[in-house]
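Me: I've got a model to go through with you. Can we take it piece by piece?

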Amino acid sequence: MLTLYHMWTSTCSKKVRITLAEKGLDWESRFVKGGAARENLEPWYIKLNPNGVVPTLDHDGKIVIESCVILEYLEDLFPEVRLRPEDAYDRAVMRLWLDKSEHVVHKNINVISHNRFQAARMAALSDEEKVEMAGRYPKLELRTERLRRYREGVSPEEEALAEGLLAELMDEMEATLSQRPWLAGSDYSLADISITPFIERFYVNKLESLTDWDTRPSVGDWWQRIQARPSYEAGMRLDMANA
Ligand SMILES: N[C@@H](CCC(=O)N[C@@H](CS)C(=O)NCC(=O)O)C(=O)O
């Protein structure tokens, strides 16, 4: 039995839901309430995921965290629908994209989203409230980073750097996809899945320079093919975006 603890709007959860859909697996949904409810920081959830973030996979009582680790775990368990290249070099390339999805894309889109979606709410809070909110994250790094962001916000320089880093990554995607159909070679793989939710997030953040497909036609073509896959609708659940 596979149970996924997730949030509908979370990019990291979407990666896992797309993978489950691609593999045609049955899974039980445990929706973790975000926003003001912050169920991800409740003691019961932190017992499952010591970082206090989604997603978390429960496979017959075995708990797996970190979205990219979950993707590979699902691939190891259910290889019938193959989402990892057979060739060792292509597999290494795939893992580099997984790493970038976490350390370049997720990291920098979070920086950009702050001013658009969170800054106004934070400005209305007292310093005590900010300390209390950040203090609920179980890990020192996230606590420290969140408190700094709640207090100081994201500067225009930080935001410009984040957008620059995302543009650099999109250029790398363009160079890759102009040579081959998918990010890790000739077949669709976890590499493509790991980037998919963030492209939609670029649209939500109105990052028009990143979604201008005249500038990056090969990525534009890839994006059309991604959205045409049944797993896109199933995994992204755009209809649930505000749930
Ligand atoms: N490296 C983690 C990151 C997980 C993460 O940051 N999840 C976000 C949603 S995409 C979250 O739970 N945010 C809730 C919060 O920050 O309070 C993974 O890939 O699973």
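Me: Ground rules before we go on?
Reply: This is a predicted model: local features need pLDDT of at least 70, side-chain atom pairs count only at pLDDT 80 or more, and totals for chains, interfaces and linings use all residues. Residues are numbered from 1 along each chain as its sequence is written, and side-chain values use heavy atoms, with hydrogens and water left out.

Me: Back to α6. How many residues does it have, and how far does it reach?
Reply: Helix α6 covers residues 140-152, so 13 residues. From first C-alpha to last it reaches 18 Å, close to the 18 Å expected at 1.5 Å a residue. The expected span is 1.5 Å times one less than the number of residues.

Me: Which residues of α6 are buried?
Reply: L142, R146, L147, R149 and Y150. They cover an arc of only 165 degrees around the axis, which puts them on the same side of α6. The arc is that of the directions from the helix axis to the C-beta atoms. Buried means under 20% relative accessible area, exposed over 50%, and partly exposed in between, with a 1.4 Å probe and protein chains only.

Me: Why would residues three or four places apart point the same way?
Reply: An α-helix has 3.6 residues a turn, so residues at that spacing point the same way.

Me: And which exposed residues sit on the face turned away?
Reply: L140, E141 and E152 are on the face of α6 turned away from its buried side.

Me: What does the buried side pack against?
Reply: The buried residues of α6 pack against α4 (88-123) and α5 (127-135). Contact means heavy atoms within 4.5 Å.

Me: Zoom in on R146. What does it touch?
Reply: R146 touches A134 and Y137, not counting residues up to four places away in sequence. R146 and S218 are 72 residues apart in sequence, and their C-alpha atoms are 36 Å apart in space.

Me: S218 is in which helix's buried set?
Reply: S218 belongs to α9, where the buried residues are S218, V219, G220, W222, W223 and I226. Helix α9 runs over residues 217-228 and has 12 residues. Its reach is 17 Å, close to the 16 Å expected.

Me: What are α9's packing partners?
Reply: The buried residues of α9 pack against α7 (156-177), α8 (190-204) and α10 (230-236).

Me: Backbone next. Which peptide bond is cis, V54 to what?
Reply: The bond from V54 to P55 is cis, with omega near 5 degrees. P55 is in the loop between α2 (43-48) and β3 (56-59). Most peptide bonds are trans, and most residues other than glycine have a negative phi.

Me: Is V54 buried or exposed?
Reply: V54 is buried, with a relative accessible area of 10%. V54 touches Y5, H6, M7, S10, C12, S13, V32 and Y45, again leaving out residues up to four places away in sequence. S13 is 41 residues from V54 in sequence, with 6.5 Å from C-alpha to C-alpha.

Me: Where is D60, and what is its phi?
Reply: D60 is in the loop between β3 and β4. Its phi is near 50 degrees, positive in a residue other than glycine. D60 counts as exposed at 52% relative accessibility.

Me: What about phi of K206?
Reply: Phi of K206 is near 55 degrees, also a positive value in a residue other than glycine. K206 is in the loop between α8 and α9. At 62% relative accessibility, K206 counts as exposed.

Me: Quick one on C68. Where does it lie, and what does it touch?
Reply: C68 lies in helix α3 (residues 67-77). C68 touches K15, L98 and S101, not counting residues up to four places away in sequence. It counts as buried, at 15% relative accessibility.

Me: Last topic, pockets. What is the volume of the second largest pocket?
Reply: About 180 Å³. Its lining has 4 nonpolar, 3 polar and 5 charged residues. Among the lining residues are R82, R84, E86, D90 and D187. Ala, Val, Leu, Ile, Met, Phe, Trp, Tyr, Cys and Pro count as nonpolar, Asp, Glu, Lys and Arg as charged, and the others, Gly among them, as polar.

Me: How is a pocket defined?
Reply: On a 1 Å grid over the protein atoms alone, a pocket is an open set of points where a 1.4 Å probe fits, with protein on both sides within 12 Å along at least five of seven lines. Lining residues have an atom within 4 Å of a point. Points are joined across faces, edges and corners, and the volume is the space filled by probe spheres set on them.

Methods
Helix = DSSP H or I, 4+ residues; strand = E, 2+ residues; numbered from the N terminus.
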